[in-house]
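Open the model in your viewer and keep the selection tool ready. The stops below say what to select and what is there.

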Amino acid sequence: MANVSPTRGDMTSHPDVSEMRARYARMLGGRDVALVDGPVFLLGLYCAVSPWILHYTTSQPALVTHNLIVGIAIGLLALGFTQTPERMYGLSWAFCAVGVWMIVAPWVVGDSPDTGVALNNIIIGGLAVILGLLCTSAAAKSATRT
């Protein structure tokens with residue numbers, strides 16, 4: 001009868017170890033800020049639904065449409081960061097620009113927004129700029145490594 005019980009040997013002697021290491025390195029390459037993808041998506045989701053959460057759908061109808069469209073765009077950008085990070089992290093500077101736009105949008109798009117509406121967009125914009133800078137710095141680090 002053959003001995004088919006699992007052994008607890010060292011993996012370094014396995015003949016495919018170098019190929020597996022190379023495959024994992026290729027697969028994980030450029031994923032320095034994988035933890036940023038989730039918060040970026042959640043920020044986009046919150047941006048899209050914030051008019052209904054803060055109940056300013058009737059007082060600022062133009063800003064409602066604006067936040068919905070920008071929130072969807074941020075969510076799609078986050079999905080792009082997740083799916084093809086080596087291509088999309090080069091666009092993280094655009095995410096910083098979206099953050100700056102969100103900060104000034106209540107006064108450009110809205111009609112004399114109250115403090116809560118303005119503060120909501122300022123916080124969303126500030127977080128977008130911070131997360132965009134994190135993505136940009138990670139993209140710069142991975143570009144210098146390769």
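**Stop one: an aromatic pair**

Select phenylalanine 81: at 0% relative accessibility, it counts as buried (under 20% relative accessible area; exposed is over 50%, partly exposed in between; 1.4 Å probe, protein chains only). This is a predicted model, where local features need pLDDT of at least 70, side-chain atom pairs count only at pLDDT 80 or more, and totals for chains, interfaces and linings use all residues. Residues are numbered from 1 along each chain as its sequence is written, and side-chain values use heavy atoms, leaving out hydrogens and water.

A search of the whole structure finds one aromatic pair. Phenylalanine 81 and phenylalanine 95 form that pair, edge-to-face, 6.5 Å centre to centre with 85° between the planes. (Rings of Phe, Tyr and Trp, the last by its six-membered ring, pair if their centres lie within 6.5 Å; planes under 30 degrees apart are stacked, over 60 edge-to-face, the rest tilted.)

Now show helix α3 (residues 61–83) and helix α5 (residues 92–108). Phenylalanine 81 lies in α3 and phenylalanine 95 in α5, so the pair ties together parts 14 residues apart in sequence. Helices are DSSP runs of H or I, at least four residues, and strands are runs of E, at least two, numbered from the N terminus.

**Stop two: asparagine 120**

Go to helix α6 (residues 115–145), where asparagine 120 lies. At 6% relative accessibility, asparagine 120 counts as buried. Not counting residues up to four places away in sequence, asparagine 120 touches Tyr46, Ser50, Leu54, Tyr56 and Asn67 (heavy atoms within 4.5 Å).
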